[in-house]
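Hello,

Here is the structure we talked about. Please open it alongside this note; what I found follows below.

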Amino acid sequence: MLVAATSASAQPADPYGNATPPAPPAPAPVVAPADPVLSEQVAESLVDRAQELLDAKVFADAKQLAVEALVKSPTGPAADRAKLVIKQANAALGIVEPQDQPPPPPPDTRPIQDPTKTDTPVVVDGAHSPRTAAVVHGALYGGILGVTIGSFFSHNEAAGAVPMGIGLAAAGAILTPMIASHYHADEAQMRTIGSGALWGGVFGGLVFGTIQGGDGGNVSGHVVLVGSAIGATLGGLGGLSLAYNESLTRGDVALGDTLAAVGTLGGLTLGMLMQPAQKEAYSLNAAVGAAAGVITGVIAGPKTNTTPRRMLRVAGLAAAGGAWPFLILAADRHSSADQRVTGALSTLGLVGGLWLGFYLTRHVDEGLDVPDRAAKPDADDAPPAIVGRSSDGHVRLGGLAILPLSPQLSTDHGAALNVFGARF
């Protein structure tokens, strides 16, 4: 019997035992474009449901459905409703929506300028031209020197003092602004120097007169004028030192002037109260008061907020307080009792008016007591040295500038101390 056997055909086996390679991936299904009409219908249904949830105070789910509706139809009719639901849900949930940012400013196409080479100074409130102060104080100092020198030309002191005083006063008024301009001085510096010369002259004249009259002799005009000239010169040098270091502002100088004037007048009125046996006590009191006022102004000025306008008001109130008691002398100017009462009330009036002036003007010109130098920046480009001159002509004290020797000058190691350095 013949037996017929059939066998299914099979893949030949891999003789190396490798796995059968994977079948190639199926092609991606083709997605048909969404139907805009259907998408809008779905979005409308989602918005309707979101509105219902919003009314039911289910804010999170309402916002979720509104976002889905906005995805389905970003620009369709349902989009506006979806945005409104989202806004109301955010407000209920305490979510702050981002604000629309303003458009960025247009780019600055102006050419870049070097700020160190600008010709336009930064204007600061309170900064003024030094010319007026230079003219006034130059004329005063020149007049003091002229009167003192002219008083020696003739036995009649006035015959030589008057023309010489007028001539040197005119010269001072002309030359001082030129000197101030050459050294780039500001108004605060000129006021500092002039105030030092003014009150130095007052102090010197009072002290010399007190010394000469202390032994019972007559006070000579020559002696008083010489004392004033010496005091003005020394006071001007002291003011020059303060001005060189830029220690005081215009308001600080005005404060010193006001306190010096009140101190001088207060010394005289206090003398009326004391009724001293020696008349020279009046001038001594006035000299001490002037000196005390200047010293107080120099110390307290940088710690206060004072301007010339404020101090003008303070000085006016102090003068009014010290002047009205002199009406008492109208009854009997020779009465010792009336003089004492007048002196006492006038001294108290000066102090009270000064205090009242400061109190009433405590908010005047706040923040305006600034250095004039801030309005006129200097080119601080002087080389390192003990004394340096910058390219703008301003001379300053520096520090110990010890620098190593350049190998181009010497092959030995060492250091050099620069005493003076300048840039032009």
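Ile174 is exposed, because its relative accessibility is 54% and the cut-off for exposed is over 50%. Note that this is a predicted model. Ile174 sits in helix 5 (residues 157-182).

Now the charged pairs. Side chains of opposite charge can pair when their charged atoms come close. The count here is six salt bridges.

Arg81 and Glu44 form a salt bridge at 2.9 Å, N to O. This pair links distant parts of the chain: Arg81 is in helix 3 (residues 77-93) and Glu44 in helix 1 (residues 36-55), 37 residues apart. Arg81 is partly exposed at 33% relative accessibility. Glu44 is also partly exposed, at 24%.

Arg81 also meets Asp48 in a salt bridge, at 2.8 Å, N to O. Asp48 lies in helix 1 and Arg81 in helix 3, so this pair ties together parts that are 33 residues apart in sequence. Asp48 is partly exposed, with a relative accessible area of 36%.

Arg309 and Asp365 form a salt bridge at 2.3 Å, N to O. Arg309 is in helix 10 (residues 308-323), while Asp365 is in the loop between helix 11 (336-360) and strand 1 (387-389), 56 residues away. Arg309 is partly exposed at 47% relative accessibility. Asp365 is buried, because its 11% falls under the 20% cut-off.

Back to Arg81: shared partners join Arg81, Glu44 and Asp48 into one salt-bridge network.

Best wishes

Terms used: Residues numbered from 1 in each chain as written. Predicted model: local features only at pLDDT ≥ 70, side-chain atom pairs only at ≥ 80, totals over all residues. Heavy atoms only, no water. Helix = DSSP H or I, 4+ residues; strand = E, 2+ residues; numbered from the N terminus. Buried < 20%, exposed > 50% of the residue type's maximum accessible area, 1.4 Å probe, protein only. Salt bridge = Lys/Arg side-chain N within 4 Å of Asp/Glu carboxyl O.
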